[in-house]
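Here are some notes to go with your first look at this one. Keep the viewer open and click along as you read.

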Amino acid sequence: MSKLYKSLISDGYVSLSVLETTDLVNAAIKTHKLNEGAAKTLGGLLTACAYMAGCLKSERGAVSLTVKAEGDAGTASVSGDINGHIRGYIDGACNGKLHGGYLTVIKDDGFYRPFVGTCELVGNDVSQNLMQYYDKSEQIPTAIAIGVKMQGGECIAAGGVVMQLMPGYTQEIMDAAEERMQAFVNVADVVEKYGADGIIDEFFKDEINKGQLYLTFPEYKCNCSRKKIEGVIMPVGKDELYKIIEEEGAVRVHCHYCNTDYEFTRADVDKLFG
Ligand SMILES: [Zn+2]
């Protein structure tokens with residue numbers, strides 16, 4: 001089971017998140033049959049997305065991160081909602097290499113227009129890219145350590161620790177947070193050793209008031225459904241759909257996130273417009 005702990009530390013000036021996402025990453029590996037490089041990168045992005053989804057406030061909130069790298073490096077996209085349902089895909093051919101392109105974050109809190117932030121990729125590391133995003137786009141000092149550890153084609157540990165400074169923080173608080181992040185330079189190893197529960201106990205116990213420790217369970221879950229796909233193909237129009245069926249035997253829609261194929265026959269289309 002994947003976990004996301006959230007709490008305030010340092011007298012309320014630091015918002016702490018601790019993630020254990022091993023199961024989430026393994027679900028993605030299974031869904032997409034990922035190679036090791038792709039699993040590491042997509043796993044990192046899924047973990048980042050689980051963190052960001054955990055920061056959403058509205059019931060209809062959703063967040064997505066898309067990476068478009070240049071040249072032979074690939075494309076990856078993850079999205080999540082306030083229920084902690086996270087999904088994603090990666091262009092497997094790129095072996096997880098992401099550089100020389102852009103990271104785009106779309107955050108929709110369900111109230112106003114979605115917030116869109118784009119920044120240039122600074123390297124292959126998800127933590128670095130996300131920190132840069134927070135610095136440049138949201139202008140909130142955020143320290144992020146996200147890691148994925150693979151062995152024999154399987155993820156044996158994935159997760160992260162995030163410290164985000166709250167308004168009114170002092171230089172002293174910032175320095176202290178940076179200092180504490182040093183313990184999580186190899187965060188996948190720390191997750192492997194302690195798990196999310198253990199990280200809270202081992203590193204933050206004295207500071208966290210038990211009543212203010214929030215735990216949620218992010219999971220790999222797609223929000224597609226036959227009903228939703230019907231809504232996507234309807235606007236194509238009855239005649240055009242008939243034409244596709246004549247030429248290709250059926251209308252086929254593939255969901256990249258969960259690798260599900262939806263097929264619509266002539267009878268299905270008749271029913272749709274009936
Ligand atoms: Zn799907």
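**Notes on the model**

Leu-34 is a handy place to start: leaving aside residues up to four places away in sequence, Leu-34 touches Ala-28, Ile-29, Ala-39, Leu-42 and Ile-90 (contact means heavy atoms within 4.5 Å). Before going on, remember that this is a predicted model, where local features need pLDDT of at least 70 and side-chain atom pairs count only at pLDDT 80 or more, while totals for chains, interfaces and linings use all residues. Residues are numbered from 1 along each chain as its sequence is written, and side-chain values use heavy atoms, with hydrogens and water left out.

1. **The cores.** Leu-34 is among the residues with the most contacts inside the largest nonpolar core, which has 44 residues; Leu-46, Met-52 and Tyr-133 are also on that list. Helix H2 (residues 36–53) supplies the largest share of this core, 11 residues. There is also a second, separate core of 23 residues, and Tyr-5, Ile-9, Leu-16 and Met-181 are included in it. A nonpolar core here is a set of buried Ala, Val, Leu, Ile, Met, Phe, Trp, Tyr and Cys residues joined through side-chain atoms within 4.5 Å. Buried means under 20% relative accessible area, exposed over 50%, and partly exposed in between (1.4 Å probe, protein chains only). Helices (H or I, at least four residues) and strands (E, at least two) are DSSP runs, numbered from the N terminus.

2. Is strand S1 (residues 3–9) largely enclosed or open? Six of its seven residues are buried, so S1 is largely enclosed by the rest of the structure. S1 runs antiparallel to strand S2 (residues 14–20), and seven bridges join them (two strands pair if DSSP finds at least two bridges between them). One of the partners to look up is Glu-20 in S2, which pairs with Lys-3. S1 and S2 make a hairpin with four residues between them, and Ser-10 in the turn has a positive phi of about 50°. S1 is also joined, by three bridges, to strand S10 (residues 214–216), again antiparallel; there, Lys-6 has Tyr-214 as its bridge partner.

3. **Salt bridges.** In the one between Lys-149 and Glu-192, the closest N and O atoms are 2.6 Å apart. Lys-149 sits in strand S8 (residues 142–151) and Glu-192 in helix H5 (residues 187–204), so this pair ties together parts that are 43 residues apart in sequence. Lys-149 is partly exposed at 25% relative accessibility, and Glu-192 is partly exposed at 40%. Arg-226 and Asp-268 meet at 3.2 Å, N to O, linking helix H6 (residues 226–233) to helix H8 (residues 266–273). Within H6, Lys-227 and Glu-230 meet at 3.7 Å; they are three residues apart, about one helical turn.

4. **The zinc site.** Which atoms coordinate the zinc ion? The SG atoms of Cys-222, Cys-224, Cys-255 and Cys-258 do, at 2.2 to 2.3 Å. Donors are N, O and S atoms within 2.8 Å of the metal (3.2 Å for Na, K and Ca), and sites may look incomplete because water is not among the atoms. The angles of 101 to 115° make the arrangement tetrahedral, a label that four donors get if all angles lie between 85 and 135 degrees. In sequence, the donor residues are spaced C-x1-C-x30-C-x2-C. Cys-255 is buried, at 9% relative accessible area.

Notes. Salt bridge = Lys/Arg side-chain N within 4 Å of Asp/Glu carboxyl O. Tetrahedral: all angles 85-135°; square planar, octahedral: opposite > 155°, others 65-115°.
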